[in-house]
Amino acid sequence: MGSRLVRDALIGAVAGTVGTLAMDLLWYQRYRSGGGEDSFTEWEFVNSTESFDDASAPGEVGKRLADTVGVDLPDEAAGTTTNVMHWLTGIGYGIGHGLLQRGRGTITGGVLTGVGAFTNSYVTLGAMGVYKPMWEYDAQTLMKDLSAHIVYGLATSAAFATLTSSDDD
């Protein structure tokens, strides 16, 4: 039983990576539709964030975690910190998906994972003061974010199902 949990967690981490990429591809497509011109690689990994004052939520959380353990991150690390925390968050939700997925269908598990990640993000980040309380966002912003998280969940669930399909044989 224990080895299966470890295996599911590891496969979930891989699936969470796939889900994060799928969500980011959706966000990138939206960026390009809005007139953005950077390549995907530039948009995804070459972060123009120059300080933690300009960092998005993952960067802010990473800075707070570093401060908590006594690591002083310079502003030059804001972009890298943002990217690392963003990917680690997706991998972490993937691990949770892997541990909780058994017995659920791919679509059900994916929607639950996406909605769970979306809700947890708004609750946690709102409590930390990184986000405003959820009810202060307009419906369009919430729907765009929810839909991206559902894409994340479905891609994570599909990857998990694919990687564990030999278990059913």
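In the predicted model, L73 is placed in the loop between α3 and α4, where helices (H or I, at least four residues) are DSSP runs numbered from the N terminus. Residues are numbered from 1 along each chain as its sequence is written, and side-chain values use heavy atoms, with hydrogens and water left out. Because the model is predicted, local features need pLDDT of at least 70 and side-chain atom pairs count only at pLDDT 80 or more, while totals for chains, interfaces and linings use all residues. Not counting residues up to four places away in sequence, L73 touches F52, G62, K63, A66 and T81, contact being defined as heavy atoms within 4.5 Å. L73 and L100 are 27 residues apart along the chain, and their C-alpha atoms are separated by 35 Å.

Two helix pairs were examined. The axes of α1 and α4 come within 6 Å and cross at roughly 135°; axes are lines fitted to C-alpha atoms, for helices over the stretch in contact, and angles run from 0 to 180 degrees between N-to-C directions. Helix α1 is therefore oblique to α4 (angles under 35 degrees count as roughly parallel, over 145 as roughly antiparallel, 65 to 115 as roughly perpendicular and the rest as oblique). The crossing of α1 and α4 is right-handed, a term used if the near helix is turned clockwise from the far one by less than a right angle. On the α1 side, the residues that meet α4 are L5, D8, A9, G12, A13, G16, T17, T20, L21, M23 and D24, and their partners in α4 are H86, W87, G90, I91, G94, I95, G98 and L99. This contact of α1 with α4 has nine nonpolar, eight polar and two charged residues (Ala, Val, Leu, Ile, Met, Phe, Trp, Tyr, Cys and Pro count as nonpolar, Asp, Glu, Lys and Arg as charged, and the others, Gly among them, as polar).

Helix α5 (residues 106–128) packs against helix α6 (residues 139–163) at an angle of about 135°, with axes 7 Å apart. These two helices are therefore oblique to each other, and α5 passes α6 in a right-handed crossing. Among the residues making the contact are G109, T113 and A117 of α5 and H149, G153 and S157 of α6. The contact of α5 with α6 comprises 13 nonpolar, nine polar and one charged residues.

The largest pocket holds about 1,100 Å³ of space. On a 1 Å grid over the protein atoms alone, a pocket is an open set of points where a 1.4 Å probe fits, with protein on both sides within 12 Å along at least five of seven lines, and lining residues have an atom within 4 Å of a point. Grid points are joined across faces, edges and corners, and a volume is the space filled by probe spheres set on the points. The lining of the largest pocket consists of 38 residues, with M23, S56, P58, H86 and Y131 nearest its centre. At least two lining residues are supplied by each of α1 (2–33), α2 (40–45), α3 (57–68), α4 (78–100), α5 and α6. By class, this lining has 17 nonpolar, 15 polar and six charged residues.

The second largest pocket contains about 160 Å³ of space. Its lining is formed by Y93, G96, H97, L100, Q101, R104, G109, L112, T113, G116 and A117. Helices α4 and α5 are the elements giving two or more residues to this lining, and α5 provides the largest share, five residues. Four nonpolar, six polar and one charged residues line the second largest pocket.
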